[in-house]
Structure formats: C-alpha cells, structure tokens
Amino acid sequence: MGAVCAAAVMLVGCAQGQELVLPPDAPTTPVTASVTPPEPSPAPILGGTAPGSLISAEPIEDIAVDITELGAAATRVVYRSTSGVTGEPTDVSGTVVIPGGVAPEGGWPVVSFGHGTTGVLNNCGPSEYVNLLGSAPIVAALVLNGYAVTMTDYQGLGLDGNYHPYLDSKTFGYNMIDAVRAARNFLPTLSTRWAAYGVSLGGMAAWAASDRNAEYGGGLELVGTAAIVPVSDMAGLADAAASGTLTRAQYPLLMYALHGLAITHPEMNLDDYRSGLARERWDDFMQCVPPGSDQVPELVARLQASDLRPVDQQATDRLRGWLADMALPTQKSTSPLLVMYGSEDDLILESWTEKALSRACDAGDVVEYELHSGEGHGDLDSSRSVPWVKARFAGQRAVNTCEQVE
C-alpha cells in the first residue's frame, strides 16, 4: 500500500513538467502534455461475451485534477473477464484514461496499470473514487508520457455480485489483459501494443499478465512488464504466522488473503487462523484503504502475533499450499520483465521475491531485476521504471539479469 504512494512521489515529477525520457537518439512515443480534449473518436463497441467485451462506459466528470489538467478524459468501464479460480466468466470494473490531443500514428499505445491494495470489499474499487484511491498521480504521469492508461479494479472490487480473490495471480493477470481489450473496445483506434505496469499488489497483477499472456493475450502485443516491489510468492506467510514472526506490515496482507481464501475454499474454517482482536474486529480490518480505514492503523498496532497464528500444523500446511497455488510465476513469459525490490522490504521479504525470480530465470524468462539495498516497500526509487517501459515500446533490447548470474 505504501509503495503506491512512494511510486507516485517518484513519478509525480512527470506531471509537473519533468517528464521521464530516453536519450535524445532513442526512438520513442511522443510525450503529450496537451490540455486540449482527446480528438473525436469512433463510438465504443458495446456488448458481447468474449473476454474484454464492454458492458458499460460512463464518463468520470469529476476525476482528479492530476488527470484533467492534462486534457485527458477518464471513463469508468465494466467489462467481461475470467475467474482464475473457476475459469468462469466474470464482470469487472475499471478506469480508462485517454490522453488529450492527437494520437500518434497507429493509435495511443496502452499501459495496463495495476494498483496496490485498496481492500477486499465490493466498495473498494478505485474507479468509484475521484482520486482513484491514490492512483491518480501515477496514472497522470503515464498519460503525460504518451500512453492511454487502463486500470482494472480487479475482480470483486467496484462491483457487487462477486468477491475479491486477494493474491490470486491468475485472476489478476486475466483482469489486466482484459482491461486492455476493454480499453480498445471503448476506443477502437487504440494501439494493440501495450505494457503492464504495477506496484505492490499491482506488481503481482502486472507480472501475472506477463505470466498468462502466452495462453490468454491473443490479439494484443505485450511489449514488456514492469513490476515494482511485487507481491509474488507469499507461501512464506503461513510459516511466519505459525512461528509468530510476521511483521506488523504483513498483518493486514495476511488477513486480506484469509478473507478471500475462506470464500474460494468453503471447507476452510476461518477461525483456524484468527483469534483475539483479529476475530473480534474482523469486519473493521476489512475496510477499504482509504476511506473507511481511520481505525485500522490503531487496530493493527494492537494486534498480537497470537491473533493470527494457525491452530495447528495441519492448518499451517493447508494455508501454505493455498498461498503457493496463487503464487508467481507459473508459465514462461514471452516478453521482457523488469522487477525492482528492496532489501529492507518488511511486507514482501527479499527472499520471497528472489524465490519467484529464481523460478522465472529457470523458465528462461528475460528478466531485468534490481535489488535496491537499504530501500523498503514504501520508499523504493522506481524512477527508472518508466524509461524502461518507453524503451520496450521503442523496440530496444532488454537486459537479461538471469544470464549474468551463475
């Protein structure tokens, strides 16, 4: 959650006229800072049942000034996607932001942005809030750098009728890819070329889009994926909970995961994993982040390790298995990845990220990964990430750190 704010700080300079660019001789998409509205465009394509089909599209007239001052237009969309748990069709909400001015030849390239944790309830979808629950500055920075941005709320956030399978990478990957399809159904002249970009939980979503792209992303061209302090393989949460070594930052993450797992696995007894204050105030802990979360920091400060300790080894083993089933990666990525993580991250431990990176390298993925010494989850310098994305759109060859490590 904090990483979203940190990334906004790193990128907000773009929205203040200090756009991130490649060296002058590098071909890249033109940066736009036009305050004119988007050019007239074809009518949205509504209807259909295929993934990415557009169910509805409504302008967000009061979107944050970060976006309106660029002349960009924001639209709340509802689109078809797929559950990674059941494989069944789902409806998902999100936001599409189109830059102002004239699109480059071939249409605006697209960035599918994965937002950080906002909660697990139906009313926690960023598209329902004018500030996109804190994501507006990052979206604006991406728009200013020449991209149409599509931001899924993720399944179960923003719409009634479904639940949010927190940490289920497969669902998030499908939602991210289908958000691009939905954006292209909203504005058919958008480019088929796109990048995935995400922070924290959104880093998992972006990485998952790359992970699922070969079998699910047909008709689109994914040029690369930037995953900043990504959630990836969280199986270690189970043993940390059992041993009482969870960091305080990990308490809410585990509780959100348990909330979704109890729905995915109806045989699960939630009280095998919560007691004391966690059980007494469970509904309060589930509130959106923000709003409705004024009491949550104080409640988290009062939690004890014993409040989230599994009742026995069997419960720990089940939890570990369920978390491992949702982890990244599972397939070979067909486009380059950038993964940035910190040595002092108290939410996503360095060793957990490196476990996922090891599997990616073993699968033959092209991964440029950076360990930022002394930096944590909320203060990691991600300023190089947007130029990295621009280089992928420009067709430059990515560095493969996997090849440099024996």
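Over the ring of which residue does the charged end of arginine 392 sit? The charged end of arginine 392 sits over the ring of tryptophan 388, where sitting over a ring requires NZ of Lys or CZ of Arg within 6 Å of the ring centre and within 35 degrees of the ring normal.

| Charged end | Ring | Distance from ring centre |
|---|---|---|
| arginine 392 | tryptophan 388 | 4.7 Å |
| arginine 181 | tyrosine 216 | 5.2 Å |

This is a predicted model, in which local features need pLDDT of at least 70 and side-chain atom pairs count only at pLDDT 80 or more, while totals for chains, interfaces and linings use all residues. Residues are numbered from 1 along each chain as its sequence is written, and side-chain values use heavy atoms, leaving out hydrogens and water.

Of the 406 residues in the protein chain, 58% are buried, that is, under 20% relative accessible area with a 1.4 Å probe, protein chains only.

In helix 12 (residues 350-362), the buried residues are Trp352, Thr353, Ala356, Leu357 and Ala360. Seen down the helix axis, the buried residues of helix 12 fall within an arc of 135 degrees, taken from the directions to the C-beta atoms, so they line one face of the helix. Just after helix 12, glycine 364 takes a positive phi of about 90 degrees.

The rings of tyrosine 166 and tyrosine 256 have centres 5.5 Å apart and planes at 65 degrees, so the pair is edge-to-face; pairing requires centres within 6.5 Å, and edge-to-face means planes over 60 degrees apart. Tyrosine 166 counts as buried at 3% relative accessibility, and tyrosine 256 at 2%.

Definitions and conventions. Buried means under 20% relative accessible area, exposed over 50%, partly exposed in between (1.4 Å probe, protein chains only). Helices (H or I, at least four residues) and strands (E, at least two) are DSSP runs, numbered from the N terminus. Rings of Phe, Tyr and Trp (its six-membered ring) pair if their centres lie within 6.5 Å; planes under 30 degrees apart count as stacked, over 60 as edge-to-face and the rest as tilted.
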